Amino acid sequence: MAKIAFIGLGNMGGPMARNLVKAGHAVAVFDLSKAAVEALVADGATAAASPAEAAKAAEVVVSMLPAGAHVKSVYASEGGVIDSIAKGGLLIDCSTIDVATAREVIAVADKAGVDMVDAPVSGGVGGAAAGTLTFMVGGSDTAFERAKPFLQAMGKTIVHAGGPGNGQAAKICNNMLLGISMIGTCEAFALAEKLGLDAQKLFDISSTASGQCWSLTSYCPVPGPVPTSPANRDYAPGFATAMMLKDLKLAQEAASKAGAAIPLGNQAASLYALFDAAGKGGVDFSGIINMLRGKM
Ligand code: NAD
């Protein structure tokens, strides 16, 4: 069993750290929130006074932080995790951040002789608690193989997406596609309503025809056809609009740096920004159908 430092114990990081404790690892935790640290200590972790203190005693550091700036400061600032962990250590950042920062921080780790992967997740808070997350991992073959057993303690599907930053690249490409396909699906249902076509009929036809997609068949934005979808519980998330907007902005940032054209990704980001600005950041992202209907 390994000595692990876990940094960032929020909605996702808390249950992920708990699963590492359950797997028998010695887990030292740090978060800016004392309450989050105390909750993990009650479940068998030990408290560390700073990311550096946690890293000094650790073989592996795992983090789940809000954005790129937090990841850069925790790992690559002077006296941060990379300066503090012993040579030969392993770093696993599971946060969803911009591709450029992920690559920059992994390069700093590489220079210091420390293996690092970016390993963003899909599966949400439920998947974090159940240990069924999907990890999209970027990094060298060696770093991936070393990280795999720890990721398996927190998730079910572990995919090596390629070199440094490619985990983040996979996550934002997938979520941009999801944002676009959800808006397309919502538009189809909103148009069907105006044309007097029953929602269930549209579902029955499109789910077996060429309009078929995950936003329709697993996460249908109108109540009825898919009983588990958030539309059946007044759009309680699920996957919140603010999170979708964050991922679309990361896709825009990456596309702009890489010179890729994403006209529909840009349009999806604008529509989710409008929905978010209307106070709907906490509503499931499929709830955008109400904005398209003009009913908010
Ligand atoms: P959260 O806001 O609940 O948790 C973030 C935690 O990081 C907080 O407890 C905060 O105190 C802590 N933190 C911030 N700066 C810190 C620092 N410098 N040192 C130590 N701790 C610090 O967020 P979350 O929902 O757990 O999301 C975390 C990451 O996971 C984000 O990048 C998010 O995009 C990604 N993600 C979230 C979900 C989801 O459904 N919530 C799904 C997939 C991916």
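Buried area, as I use it here, is the accessible area (1.4 Å probe) that two parts lose on being put together, summed over both. I am working on a predicted model, where local features need pLDDT of at least 70, side-chain atom pairs count only at pLDDT 80 or more, and totals for chains, interfaces and linings use all residues. Residues are numbered from 1 along each chain as its sequence is written, and side-chain values use heavy atoms, with hydrogens and water left out.

**Entry: the two domains**

I began with the division of the protein chain into domain 1 (3-162) and domain 2 (169-292); such bounds come from an automatic or database domain assignment. Their C-alpha centres lie 30 Å apart. Counting contact as heavy atoms within 4.5 Å, I found 12 residues of domain 1 touching 10 residues of domain 2.

How much area do domain 1 and domain 2 bury between them? The value is about 750 Å², with 68% of it on carbon and sulfur atoms. On the side of domain 1 that touches domain 2, helix H6 (99-111) and strand S7 (121-122) are the elements that give two or more residues. Helices (H or I, at least four residues) and strands (E, at least two) are DSSP runs, numbered from the N terminus. That side of domain 1 divides into nine nonpolar residues, two polar and one charged; Ala, Val, Leu, Ile, Met, Phe, Trp, Tyr, Cys and Pro count as nonpolar, Asp, Glu, Lys and Arg as charged, and the others, Gly among them, as polar.

**Entry: salt bridges**

I took a salt bridge as a side-chain nitrogen of Lys or Arg within 4 Å of a carboxyl oxygen of Asp or Glu. The count came to five, with zero between domain 1 and domain 2. I looked up Asp43 and Arg18, whose side chains meet at 2.6 Å, N to O. Asp43 sits in the loop between helix H2 (34-42) and strand S3 (46-47) and Arg18 in helix H1 (residues 13-22), so the pair ties together parts that are 25 residues apart in sequence.

**Entry: rings**

Rings of Phe, Tyr and Trp (its six-membered ring) pair if their centres lie within 6.5 Å; planes under 30 degrees apart are stacked, over 60 edge-to-face and the rest tilted. I got four aromatic pairs. Phe239 and Phe285 have ring centres 5.5 Å apart and planes at 75°, so this pair is edge-to-face. Phe239 is in the loop between helix H11 (214-217) and helix H12 (241-258), and Phe285, 46 residues apart from it, is in the loop between helix H13 (263-280) and helix H14 (288-292).

**Entry: backbone**

Which peptide bond is cis, with omega near 10°? I found the one from Pro237 to Gly238, and Gly238 lies in the loop between H11 and H12. Asp234 also lies in the loop between H11 and H12, and has a positive phi of about 55° although it is not a glycine.
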